[in-house]
Amino acid sequence: MNATTSLPNIDEGRAKLDHPLIAIPSHDELIEQLFVRDLKLFVMSELEPVQAKIAKAEEAALPDSASNNRASQLRDSMSGHESFRSWLALKRESQRQLWETISESVARQAEELEALAAIKEPKGSVRTDPGFAAPDYILDGDIHLMPGGNAHDDNSILQGAVMDRGGAVYMLGRNGGMLNDLRGQTAMAHALTRYPDFAPARILDMGCGIGTSSVPAFNCFPDAEVHAVDVGASMLRYGHARAEHLGATIHFSQQSAEKTDFEDGSFDLVFSCILFHETSQDATLNILAESKRLLRPGGLAIHLEVPLLHDNTDLWTELSGELEAQYNNEPNWRGALTADYASLLGAAGLTDIQTGYQPTSLNAREGPFRFEPKSEGVFRSWFVASGIA
């Protein structure tokens, strides 16, 4: 039996995907990517539940103490189990293999991708800064283990191409498939939940990456002028070309969300999606202050994070999240998931603050338009903190 007859349903032509710029794997590359996807699923859905059961028994046996770091105590207990150590090793190895296979596939297609990214008459723009210095929390480790990290730049679009394809495989297709846009859809749905007739004239996406959340913002508010900032020049070049192929007019610029060059009060909506856990505690305060500075009076700030705040989870989920942060290089996981966002937004000068969980939206204009005090689970809802300038 040849490869074609044994795998009749595997066909990844550009016309079958969500946008024409994404890297298309060859037959063998696709098999590798599917293997990595299935390995990650096996580690997550078959091995992790076993560890959760062991952890529940270990938690019950933990000594009573005044410690406020029970997750650390549980980790010490779990470390005595060989299966726990093997599970951690497989989590790390599956992530390493993901980037290896994606990077090789993207490198093979470099010339074709660069040609596709050469937009003749762009409606949006991209502005990079050769003298830009990325913050230490970006440079200290390769976030998500992506080789080179978010700020890597070789004057090409390739780091952005790696992030795009890798993000879809990393999320196992559960975050909006190849578009990877459910977080942006959900953030915009939150804006419409608060204000059904909201019609911002200018929007800023802080920490936009390759623009996966910027495009939903444009699609939700097509009359708005949409800007997006991030630290990586390669990601921004790719994000600009990607947005153009998707018909979204977005103005990308290489800036830190902590301090931008936009004028005071120049936006009606400022938002971010899963930004804080990839920064630092000081940066979080700076980004909130910058959000307030950039908003016009009455403007709306929306900051979306993973739905795993420690006051909403059990001890194993808390420990599992911290292991994910350590083994997947998330620089501010604990800080982001233990923050008192109502107090932080208030300290930044925002008012009418709301914190809670917005159900995942496939299309912001179609809802769901409800905001709940409790999470419905990972990928089913997202934590959101919002406030008015």
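Me: Which residues in helix 2 meet which residues in helix 12?

Reply: Contact means heavy atoms within 4.5 Å, and helices (H or I, at least four residues) and strands (E, at least two) are DSSP runs, numbered from the N terminus. Here Glu 48, Gln 51, Ala 52, Ala 55 and Glu 59 of helix 2 meet Leu 315, Trp 316 and Ser 320 of helix 12. By class, this contact has 4 nonpolar, 2 polar and 2 charged residues (Ala, Val, Leu, Ile, Met, Phe, Trp, Tyr, Cys and Pro count as nonpolar, Asp, Glu, Lys and Arg as charged, and the others, Gly among them, as polar). This is a predicted model, in which local features need pLDDT of at least 70 and side-chain atom pairs pLDDT 80 or more, while totals for chains, interfaces and linings use all residues. Residues are numbered from 1 along each chain as its sequence is written, and side-chain values use heavy atoms, without hydrogens and water.

Me: At what angle do the axes of helix 2 and helix 12 cross?

Reply: Axes are lines fitted to C-alpha atoms, for helices over the stretch in contact, and angles run from 0 to 180 degrees between N-to-C directions. The axes of helix 2 (residues 27-61) and helix 12 (residues 315-327) cross at roughly 125° and come within 10 Å. That makes helix 2 oblique to helix 12 (under 35 degrees is roughly parallel, over 145 roughly antiparallel, 65 to 115 roughly perpendicular, the rest oblique).

Me: Is Ser 320 buried or exposed?

Reply: Buried means under 20% relative accessible area, exposed over 50%, partly exposed in between (1.4 Å probe, protein chains only). Ser 320, in helix 12, counts as buried at 9%. Leaving aside neighbours within four places in sequence, Ser 320 is in contact with Glu 48 and Trp 87. Gly 160, in helix 7 (residues 158-170), is buried with a relative accessible area of 0%.

Me: In what order do the strands of the sheet lie?

Reply: Strands of a sheet pair through backbone hydrogen bonds, either parallel or antiparallel. Two strands count as paired if DSSP finds at least two bridges between them. This open sheet of 8 strands has the order 1-4-3-2-5-6-8-7, with mixed pairing. Strand 1 (125-127) and strand 7 (351-359) stand at the edges with a single partner strand each, so one side of each lacks a neighbour in the sheet.

Me: Which strands pair with strand 6?

Reply: Strand 5 (residues 267-273) runs parallel to strand 6, joined by 6 bridges, and Ser 272 has His 303 of strand 6 as its bridge partner. Strand 8 (residues 381-388) pairs with strand 6 in the antiparallel sense, over 6 bridges. Strand 6 (residues 295-305) is mostly covered, with 8 of its 11 residues buried.
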